[in-house]
Amino acid sequence: MSTVQAPPSDLAPRILSNDPGDHGTPHGREEEWRFTPVAKLSDFFESGQRGLVTAVESEFVTMTPAERNSSTVEKAAHWVASDLPSALVRTHASSVVSVAIPAERKVDEIVVVDLAGSEGLNYGRIEICAGAFSKATIVLRLDMTTDVSGIVVTDVADQADLTVLALYDGPRTSRHVWQWGTTVGRDASFLGLAIALGGSIIRLRQNVRYAGPGGSAELLGAFLASDEQFQEFRIFVDHSEPHCVSNVVFKGALSGAHAHTVWIGDVVVRREAVGIETYELNRNLLLNDGPRADSVPNLELETGDVVSAGHASATGRFDDEQLFYLQSRGISEELARQLVVRGFFVEVLDKVKDADLRRDVIRRIEERIGMDAIEQQLTGVDA
Amino acid sequence: MSTLQITDLHASVVTDAGETAILKGVDLTVESGRTQAVMGPNGSGKSTLAYVIAGHPKYTVTQGSIVLDGEDVLDMSVDERARAGLFLAMQYPVEVPGVSVSNFLRTSATSIRGEAPKLRTWIAEMKEAMAGLQMDSTFAERNVNEGFSGGEKKRHEILQMSLLKPKIAILDETDSGLDVDALRVVSDGVNQFREDSGAGVLLITHYTRILRYITPDVVNVFAGGRIVETGGPKLAEVLEADGYERFADLSTA
């Protein structure tokens, strides 16, 4: 495997190679890893005996031994590993979970993929392919009882409309390091939504590129970090095609003395990417003193000929005036806090078009912030 | 029949510059069926009085008492005060992003009434109250105070008051930022509420114009952190003609 020289951009990955030997071991001083607690992830940087993330096969989901996998999705998506953990998964995962939506197929029901590992560290190699003109919503439910180093390679073919929702919900003990690489075809739409609630460490790198003009990518995130949880979201959107759209919205609520979240939003607009629209937003709500939220948006423009390009980042304390206002209407302090936190996430959750799925996500978030009180109060009396 | 009894109330605010006394001995009684106007110049502390009654954490009561029907209000949390029957229509209502007016109103009504109103009767109740304030029904789907005009914010406050049916309502500069038409709609709403509920009203205002629509029983002049003169509705007319100048000395006392 030869090393591919990455195109010159300050924000693009430096080394693209599926050979783990081409990637150095992260020490925490590298820009890419400077926020990550690498000392707690040393096994993610070493090869060794690992478990495998598996999924139950269904109409759209198959498990294929790695040696029989033709890598057509990787080729279509032009995906190559960009760091050591992803190269290790690519090289050593013995099997591939493939989710394939046939061309011109409109799938009404939600395709749920339960991804389970075994004890210890597992490799997860997922490939998603949405054929041309297809439409589907895929939910990846991550097993948060085991550690996972994973990759999700997604190819959204021309004019396909794909939603992928990843649920990182479960116990706050496991470590998850994932790399998503998504290629958006001509006039295609991709909506990627990460809901991060569980795990002790979640590190999610999402790279998006476009394979033709007119593509649209929305990357959304809703995350709740408390106690000792660490959550990191690194976005890289590479605009190299004209008239494409990217919209990145990540919202996080933090509580407890030691919670730490990181959001890095890198967007490159290359010379040929004229007429594009890009916007990225990260908002963090600190529910008390103590948690730390790092937020770094970067926008690199190589052409000024764009429709719009912008970013915003804000981290704020819970607004005591909102609390006073709600309490002055008889609402208890606990309920008032919950209302404000739920309201904070509405902007992201409203993007989930399927009503049942939206309710499920809201329920999971509410459970995490102890929201049951509101629903019981409001629905308890109704016939 | 309810009585809100404020006796020798002193309150201060703590800032970086230290503790500043704002209320300096307020005595005032608000009773069911009666409207007390409190008028005063800017900075006299009249809005602080409203916030202290509602329990805003920014202010510390250093002396005196507030009692509602024999219950010590100062002992209650902000939400307990609301559930005990106090309501503050705020001068600057706060935006709550992502929380719809309809969800907010139902959650408040549930908290105040102790049980969730039945959905069907609640919708009817809300529609009627909104129609009375000439509010469009789409209003209920908007987020609380987000992007509201000045007039919409004040109508929303009065809407809450009419749905929550407090025993004693405090209106803090409800007339500020309203044009003549909006002032009339809001005043009609307040008058309707007074008539329907027989509640006591404490009307805090800088200008006399709202008193042309909402007739007070008593007019109090507030200056230097306390009430310095009390009279009938005619006192408002005197203030309108002469302004607050003759109370200027008391403001610095």
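## Close-up views of a predicted two-chain model

View 1. Ala37(B) stands opposite Leu203(B) in E10(B). The model is predicted. Strand E3 covers residues 35–39 of chain B, and five of its five residues are buried, so the strand is largely enclosed by the rest of the structure. Thr35(B), Ala37(B) and Met39(B) point one way from E3(B), while Gln36(B) and Val38(B) point the other way. The residues on both of these sides are buried. Five bridges link E3(B) in the parallel sense to strand E10 (residues 200–205) of chain B. A parallel pairing over four bridges also links E3(B) to strand E11 (residues 218–223) of chain B.

**View 2. An open antiparallel sheet in chain B.** Four strands of chain B form an open sheet in the order E2-E1-E4-E5, with antiparallel pairing. Strand E2 (18–31) and strand E5 (71–72) stand at the edges with a single partner strand each, so one side of each has no neighbour in the sheet. Strand E1 (residues 3–15) and strand E4 (residues 59–68) of chain B run antiparallel and are joined by eight bridges. Thr7(B) stands opposite Ser65(B) in E4(B). Strands of a sheet pair through backbone hydrogen bonds.

**View 3. The largest nonpolar core and the surroundings of Leu4(B).** The largest nonpolar core holds 114 residues, of which Ile195(A), Ile365(A) and Leu4(B) touch the most other members. Helix H4 (residues 333–349) of chain A gives the largest share of this core, nine residues. Domain 1 (4–317) and domain 2 (320–383) of chain A each supply at least three residues to this core. A second, separate core has 52 residues, among them Val61(A), Leu162(A), Ala166(A) and Ala188(A). In soluble globular proteins, nonpolar side chains tend to be buried together.

**View 4. The two domains of chain A.** Chain A is divided into domain 1 (4–317) and domain 2 (320–383). The C-alpha centres of these two domains lie 28 Å apart. Their contact takes 32 residues from domain 1 and 18 residues from domain 2. About 2,000 Å² is buried between the two domains of chain A, and carbon and sulfur atoms give 71% of this area.

**View 5. The interface between chain B and chain A.** On the chain B side 38 residues are in contact with 23 residues of chain A. The two chains bury about 2,500 Å² between them, with 63% of it on carbon and sulfur atoms. Asp79(B), Val94(B) and Thr107(B) supply 18% of the area that chain B buries against chain A, more than any other three residues.

**View 6. Cys129(A) and Cys244(A).** The count of disulfides over all chains comes to zero, with a cut-off of 2.5 Å between cysteine sulfur atoms. For Cys129(A), the nearest cysteine sulfur is that of Cys244(A), 19 Å away. Cys129(A) counts as partly exposed, at 23% relative accessibility. Cys244(A) is likewise in no disulfide, and the nearest cysteine sulfur to it is that of Cys129(A). Cys244(A) is buried, with a relative accessible area of 0%.

Definitions and conventions
Residues numbered from 1 in each chain as written. Chains lettered and ligands numbered in written order. Predicted model: local features only at pLDDT ≥ 70, side-chain atom pairs only at ≥ 80, totals over all residues. Heavy atoms only, no water. Core = buried A, V, L, I, M, F, W, Y, C linked by side-chain atoms within 4.5 Å. Buried < 20%, exposed > 50% of the residue type's maximum accessible area, 1.4 Å probe, protein only. Helix = DSSP H or I, 4+ residues; strand = E, 2+ residues; numbered from the N terminus. Domains from an automatic or database assignment. Pairing = 2+ DSSP bridges. Contact = heavy atoms within 4.5 Å. Buried area = accessible area lost by both parts, 1.4 Å probe.
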